[in-house]
Amino acid sequence: DNEDVSNSLIIFYNKLSNSNSPHDPVLGWNLSSDPCTGPWTGLTCDNRTHSVKKIFLDSLSFTGTFDASTLCNVQSIAASLIAVNLNNNLLHGENLDEIVNCRELTHLQIGGNRFSGSLPDSLSRLHNLKVLNISSNNFYGSLPDLTLISGLQEFFAQNNQLTGTIPNLDFSNFEQFNVSFNNFTGHVPNGGDRFPVSSFIGNPELCGDLLPRQCPSLPPKKSKGISNYQVLMFSGYFIIGLTIFLVIILLLCKRGKTKEEKANLLNKEASFDDSFYKPSFTSGEYKAGLSKSGISAATESGMVSSSLIVLTSPEVNGLEFDDLLKAPAELLGRGKHGTVYKVIGEQGMTLAVKRIKDWTIPSNDFQQRMRRLDQVKHPNVLPPVAFYCSKQEKLLVYEYQENGSLFRLLQGTQMGQVFDWSSRLSVAATITNALAFMHQELREDGIAHGNLKSSNILLNKNMEPCVSEYGLMMVDNEDQSSLSNFGANSAFKTDIYGIGVILLELLTGKVGQNNGLDLAEWVLSVVREEWTGEVFDKSLIREGAREEGLVYLLQIAVKCVNTSSPEARPSMNQLARVINTIKEEEERSISVSIVSEP
Ligand SMILES: Nc1ncnc2c1ncn2[C@@H]1O[C@H](COP(=O)(O)OP(=O)(O)OP(=O)(O)O)[C@@H](O)[C@H]1O
């Protein structure tokens with residue numbers, strides 16, 4: 001029996017450590033000694049019965065597999081094993097459904113690994129479990145029926161891709177519970193409000209009182225059954241309603257058709273590729289653009305409000321507003337503040353045209369603002385090349401940047417693309433330097449960015465980050481209420497919040513939602529509770545990024561997203577200085593390690 005136990009434990013260990021690759025720690029697990037009396041690090045036995053009780057092999061960078069059958073299909077191990085902790089390695093899973101045979105388990109901790117696939121239903125038959133940690137893996141599919149484990153006290157499943165609804169658990173038993181950053185749907189079960197919002201955030205389809213998504217109110221309960229008379233009456237109403245509806249549809253179709261015919265006659269030239277589509281400007285504005293007034297003539301004669309004003313780019317000189325309207329346009333995205341189209345100009349230049357929504361700024365102020373912005377240039381701030389402004393319409397024209405945005409880059413890392421620590425630091429330093437310059441130059445004009453987020457950090461043709469849409473809109477987010485005492489300065493403090501969220505995105509590898517509030521709250525809650533390395537992107541840890549630099553950047557990012565006293569947020573200049581120092585330290589430590597290598 002003893003031999004069986006030792007052999008199985010060695011098989012378990014070899015699979016875990018990829019058959020003892022040279023980088024694995026030496027933990028004394030070998031057949032020359034007895035598991036319970038020998039130097040088997042991480043293994044605890046029951047002194048009395050001499051049987052294996054606990055296996056704690058967490059945070060050891062094991063890269064192999066946890067094969068549950070190697071432990072749980074051996075009767076004398078399964079009968080005594082109460083705790084397995086393999087958290088924070090790089091393990092895959094194998095035969096995980098065999099875990100059900102380790103019926104005595106009270107603690108199963110496999111968080112922070114590379115397990116993937118669906119969770120075995122058999123997990124719910126581990127009736128003695130008190131602590132279950134499957135967080136930060138790639139598990140998908142629904143949760144097993146955890147309601148069957150009546151004694152469960154701690155459950156961690158955050159940072160997976162789990163779907164379905166959260167089981168109706170008896171939360172009064174739970175001390176800790178976290179299912180954040182998955183794809184759960186439905187509502188937070190009753191009693192879930194015992195836990196902070198950070199336990200549930202990051203599930204876009206999950207609704208609840210504390211979450212950004214509110215649950216729809218339940219339809220009123222039907223009172224009694226309805227009588228035959230009522231059935232007849234309702235059917236009558238239904239038939240009358242349906243007839244009226246059909247007549248209206250018929251009339252509308254007829255009217256639409258005549259309108260369409262008229263429009264076709266008026267605008268014969270409007271033929272364009274179906275895969276693209278035109279921005280749908282109203283006919284009045286369309287006419288204004290079609291006035292064909294030359295750009296420079298219009299500017300000089302003061303007719304600026306109906307013409308495209310070209311600011312900088314020689315390449316787009318000669319471009320007119322109606323050229324823009326006629327050019328094929330592809331929808332790039334629709335944000336809170338407007339819509340962006342990719343437009344291919346006649347000169348072959350590809351442009352991004354932002355159509356701003358609901359900004360009631362007077363035309364003159366808007367023009368003044370754009371001209372002031374045109375005077376302040378920084379190589380890492382994307383300048384508008386032209387703009388158009390009428391009472392109803394405000395358009396900004398930029399050069400199209402084909403390498404995407406920081407937002408997309410971060411999304412790519414979630415699919416396993418490499419975005420290493422020094423590149424992330426470099427992005428952070430470049431954009432804070434650029435913004436520090438802009439803040440300094442435009443402070444007196446009170447023009448901050450106003451909408452800083454990773455989708456507005458674009459990568460130019462040299463893959464350098466560029467801040468886009470600077471000064472495009474008034475700041476209007478929730479942050480403003482707490483900043484009302486700061487007057488014009490509040491917009492600059494809001495930019496600091498925005499950059500804080502971007503720094504958190506770079507550190508965690510997660511993208512913020514809901515103005516970054518979700519991410520900031522999650523990071524703050526983790527930091528408050530334990531200040532663990534749990535917030536950092538696992539790929540940075542794997543890469544061996546220096547903890548000191550990570551923590552230092554996290555500390556300053558946390559100061560930026562301070563909502564209780566926004567005045568305590570650093571200035572962009574201070575922020576840039578700190579980040580440059582972290583970057584220099586990092587570069588120094590790399591060159592020191594290269595020099596000191598034998
Ligand atoms: N000059 C550009 N070149 C290439 N892509 C661009 C350019 N400007 C914007 N985009 C992309 O177009 C998409 C939509 O941009 P937009 O700024 O409207 O989105 P948003 O930032 O999410 O919304 P909003 O700014 O309204 O809050 C984004 O993916 C953005 O990265």
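Student: How many residues surround the ligand, and which are closest?
Tutor: 19 residues surround the ligand, and the closest are L332, G333, G335, H337 and A352. A residue counts here if its C-beta atom, placed from the backbone, lies within 6 Å of the molecule. This is a predicted model: local features need pLDDT of at least 70, side-chain atom pairs count only at pLDDT 80 or more, and totals for chains, interfaces and linings use all residues. Residues are numbered from 1 along each chain as its sequence is written.

Student: Which elements give two or more residues to that shell?
Tutor: β16 (329-335) and β17 (338-344) do. The largest share, three residues, is from β16. Strands are DSSP runs of E, at least two residues, and helices are runs of H or I, at least four; both are numbered from the N terminus.

Student: What is the shell like by class?
Tutor: Six nonpolar, 10 polar and three charged residues. Ala, Val, Leu, Ile, Met, Phe, Trp, Tyr, Cys and Pro count as nonpolar, Asp, Glu, Lys and Arg as charged, and the others, Gly among them, as polar.

Student: Where does UniProt put "binding site"?
Tutor: At K354, in an unreviewed entry. UniProt annotations may be inferred rather than shown by experiment. K354 lies in strand β18 (residues 350-356).

Student: Is K354 buried or exposed?
Tutor: Buried, because 24 other C-beta atoms lie within 10 Å. The cut-offs: buried is 20 or more such atoms within 10 Å, exposed is 12 or fewer, partly exposed is in between.

Student: What does K354 touch?
Tutor: G338, V340, L395, L396 and E469, not counting residues up to four places away in sequence. Contact means C-beta atoms within 7 Å.

Student: New topic. Which residues have the most contacts inside the largest nonpolar core?
Tutor: L71, V397, V467, L503 and L507, in a core of 131 residues. Helix α12 (residues 489-508) gives the largest share, 11 residues. A core is a set of buried Ala, Val, Leu, Ile, Met, Phe, Trp, Tyr and Cys residues joined through C-beta atoms within 7 Å.

Student: And L507, what is it in contact with?
Tutor: Leaving aside neighbours within four places in sequence, V535, F536, D537, L550, L553, L554 and A557.

Student: What about the sheet with β7, β9 and β11?
Tutor: That sheet is open, in the order β7-β9-β11, with parallel pairing. Strands pair if DSSP finds at least two bridges between them. β7 (116-118) and β11 (161-162) each have a single partner strand, so one side of each is left without a neighbour in the sheet.

Student: How many bridges join β7 to β9?
Tutor: Three. S118 stands opposite Y140 in β9.

Methods: Contact = placed C-beta atoms within 7 Å.
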